[in-house]
Amino acid sequence: MSAGTSTIYEDRTVRLDDQGVTIRHYYFPFVSKFVPYSQIESVDLGVMSWLSGRLRIWGTTDFSSWYSLDLSRPWKETAVVLTLTGRGTPSFSPKDPNRVDAEIRSRIGSHTQN
């Protein structure tokens with residue numbers, strides 16, 4: 001975290017601050033991925049089923065999105081999916097996906113209107 005940033009939301013899987021999104025445990029071994037809001041084209045909520053990510057505790061099942069490490073994902077139902085400008089589709093499953101979705105949307109909206 002750089003000086004002057006304030007935390008908007010934080011749990012074991014993700015941290016949102018005024019600069020961007022830090023997805024925890026994204027790369028092996030346990031390295032985080034930081035995404036500035038300006039690189040996020042869209043954010044979506046995805047319902048996870050047993051066949052579409054819920055059993056995926058880390059990695060990918062279809063190479064369309066990459067899930068960060070989350071050992072509690074099998075007990076969750078919703079993932080946050082970010083579409084980045086030419087850089088893939090990271091996915092993660094925060095404790096409060098609706099709040100994370102709303103917070104990111106409010107910040108990427110301000111970037112797309114400039």
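Visitor: In what sense do strand S3 and S4 pair, and over how many bridges?

Guide: Strands of a sheet pair through backbone hydrogen bonds, either parallel or antiparallel. In this predicted model, strand S3 (residues 20-27) and S4 pair in the antiparallel sense over 5 bridges, and valine 21 has valine 35 in S4 as its bridge partner.

Visitor: Which strands form the sheet, and in what order?

Guide: This open sheet has 4 strands in the order S1-S2-S3-S4, with antiparallel pairing. Strand S1 (7-10) and strand S4 (31-36) each have a single partner strand, so they stand at the edges, and one side of each is left without a neighbour in the sheet. On average, neighbouring strands of this sheet are turned by 20 degrees against each other, direction ignored.

Visitor: Is threonine 13 buried or exposed?

Guide: Threonine 13 lies in the loop between S1 and strand S2 (14-17); because its relative accessible area is 4%, under the 20% cut-off, threonine 13 counts as buried. Leaving aside residues up to four places away in sequence, threonine 13 touches Thr22, Ile23, Arg24, Asp70, Lys76, Ser93 and Pro94.

Visitor: What is the strand order in the sheet with mixed pairing?

Guide: There, 4 strands form an open sheet in the order S5-S7-S8-S6. Strand S5 (40-47) and strand S6 (66-67) stand at the edges with a single partner strand each, so one side of each lacks a neighbour in the sheet. Strand S7 (residues 78-84) pairs with strand S8 (residues 90-92) in the antiparallel sense over 2 bridges, and phenylalanine 92 in S8 is the bridge partner of valine 80.

Terms used: Residues are numbered from 1 along each chain as its sequence is written. This is a predicted model: local features need pLDDT of at least 70, side-chain atom pairs count only at pLDDT 80 or more; totals for chains, interfaces and linings use all residues. Side-chain values use heavy atoms; hydrogens and water are left out. Two strands pair if DSSP finds at least two bridges between them. Axes are lines fitted to C-alpha atoms, for helices over the stretch in contact, and angles run from 0 to 180 degrees between N-to-C directions. Buried means under 20% relative accessible area, exposed over 50%, partly exposed in between (1.4 Å probe, protein chains only). Contact means heavy atoms within 4.5 Å.
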